[in-house]
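Biologist: I'd like to go through this one with you slowly. Can you show me the structure, and then I'll ask how you know what you know?

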Amino acid sequence: MKHQEIKEVYKSIFESYTKPSLETHIKKIIELDTYLPYSSTFFCLTNTQELTFEYISKNFTSCLGLDATDLKVKGMKYFWSRIHPEDIEIWLGALNSLMEFTLAEIPENKRELANYTWNYRIKNASDKYVNIIQNTTPLAFDSEMKPIIGLAHYTVLNIELNLPITATAKLLNNKNEYETVYYNNFSQKLLHAGISNRERDVIRLLILNFTSKEISEKLNISPHTVDTHRRNILKKLKISSTGELVGMLKMDMTLL
C-alpha cells in the first residue's frame with residue numbers, strides 16, 4: 001500500500017472539524033519524561049489531524065535505535081514507512097474498527113474513559129522488524145467527541161515472537177477498573193464475532209486462573225451465569241474443556 005493511500009485511509013478514520021490545543025498536554029508530558037528511567041517502552045503525543053508527533057519520549061531511540069528528530073520532522077509518514085508491509089492493511093482495519101465501535105457504542109460522556117490497544121511490527125535501526133504493542137489514551141476530542149489526540153505508549157517485544165494483530169478497547173468502570181468492551185483478532189480470528197464481550201471478560205479471567213466463584217465476584221454476576229458463559233464459549237469455539245481453552249489462548253498473550 002502506497003503512502004498516499006495510507007494517508008487517505010488514516011485521515012478518513014480520524015477526520016475532524018476542530019483543532020484542539022496541545023500546550024497543556026505537552027508541558028505535562030515533558031515534565032514526566034524528565035523523571036522516568038530508560039526502559040523498553042517509549043511514548044509519544046500523537047496528533048492525528050496534523051499527522052505529527054507533538055512529543056517523543058527519550059526512550060524512543062533506546063528502544064528502536066532510530067533518531068527521534070527524524071520522527072519529529074517527518075511525522076507519521078516516516079513512522080508508516082517502517083511498519084511491516086504485511087501489517088499495514090490489517091493495522092488500518094483494526095484502527096477503523098476501533099473508531100467505528102467508539103462512535104457507535106461508547107457514549108460521548110464516557111469516551112474520555114476509554115483506552116485502546118493494538119499491535120504491529122516495525123523496522124528498527126538494524127533493519128529488523130520488532131513487535132510493538134501500542135496503548136493509546138485519548139487526551140482531546142473534536143466537536144463531535146471523536147478522539148483525535150492521544151498519549152500513545154509503545155512497548156517493544158522480542159523480535160522472534162509471532163503475534164497476531166489484535167485490537168482492544170477498554171472502558172473505566174465505576175470501580176476505576178478497565179473492563180474490555182471490544183476485542184478482535186484481525187489475523188487469526190481465534191475469537192470470532194460469535195463471542196460476546198461478557199464472554200471475552202470470562203475468558204480473560206480464566207486465563208488468569210480465576211475460579212468461577214472469583215469470576216462471578218469480579219464481574220458482579222452469579223456463579224451459575226459464569227458456568228453458562230463457560231459452556232457457551234466451549235460450544236462456540238468447538239473445544240471440549242476449559243483446560244483446552246486456557247492452553248490454547250495462553251499462546252496469544254495479547255488477550256491479557
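Biologist: Which elements each supply at least two residues of the lining of the largest pocket?

Modeller: Those are β7 (178-185), α6 and α7 (212-219). Keep in mind that this is a predicted model.

Biologist: Which element gives the largest share of that lining?

Modeller: That's α6, with three residues. The space in the largest pocket comes to about 300 Å³.

Biologist: How do the lining residues divide into nonpolar, polar and charged?

Modeller: Three are nonpolar, three are polar and six are charged.

Biologist: What follows α6?

Modeller: N209 does, and its phi is positive, near 70°.

Biologist: Why is a positive phi worth a mention?

Modeller: Because most residues other than glycine have a negative phi. D127 is another case: it isn't a glycine, yet its phi is positive, about 60°. N176 isn't a glycine either, and its phi is also positive at about 60°.

Biologist: Where are D127 and N176?

Modeller: D127 is in the loop between β3 and β4 (129-141), while N176 is in the loop between β6 (166-172) and β7.

Biologist: Are they buried or exposed, and how do you know?

Modeller: Exposed means over 50% relative accessible area. D127 has 54%, so it passes and is called exposed. N176 has 63%, so it passes too.

Biologist: What about N109: buried or exposed?

Modeller: Try the cut-off again: N109 has a relative accessible area of 59%, so it's exposed. You'll find N109 in the loop between α5 (88-105) and β3 (114-123). Here's something else about it: N109 and M145 are 36 residues apart in sequence, but their C-alpha atoms are 8.5 Å apart in space.

Biologist: Now a residue in a strand. Why is T46 called buried?

Modeller: Buried means under 20% relative accessible area. T46 has 9%, so it counts as buried. This residue sits in strand β1 (residues 41-47).

Biologist: Which residues is T46 in contact with, leaving aside its neighbours within four places in sequence?

Modeller: T52, F53, M76, I148, I149, G150, A152 and Y154. One of them, G150, stands opposite T46 in β5.

Biologist: How do β1 and β5 run, and how many bridges join them?

Modeller: They run antiparallel, and seven bridges join β1 to β5 (residues 147-157). Two strands pair if there are at least two bridges between them, so seven qualifies.

Biologist: And what makes β1 and β2 a pair?

Modeller: The same test: β1 and strand β2 (residues 52-56) have four bridges, again in the antiparallel sense. L45, for instance, stands opposite Y55 in β2. This hairpin has four residues between the strands, and L51 takes a positive phi near 55° there.

Biologist: How covered is β1 overall?

Modeller: Mostly: six of its seven residues are buried. C44 is buried as well, with 1% relative accessibility.

Biologist: Last one: what does the whole chain look like in numbers?

Modeller: It has nine helices and seven strands. Of its 256 residues, 46% count as buried. Among contacts with a separation of 6 or more, 56% are between residues 24 or more positions apart.

How values were computed
Residues numbered from 1 in each chain as written. Predicted model: local features only at pLDDT ≥ 70, side-chain atom pairs only at ≥ 80, totals over all residues. Heavy atoms only, no water. Buried < 20%, exposed > 50% of the residue type's maximum accessible area, 1.4 Å probe, protein only. Contact = heavy atoms within 4.5 Å. 1 Å grid on protein atoms, 1.4 Å probe; cavity = no way out; pocket = protein on both sides within 12 Å on 5 of 7 lines; lining within 4 Å. Points joined across faces, edges and corners; volume = space filled by probe spheres on them. Nonpolar A, V, L, I, M, F, W, Y, C, P; charged D, E, K, R; others polar.
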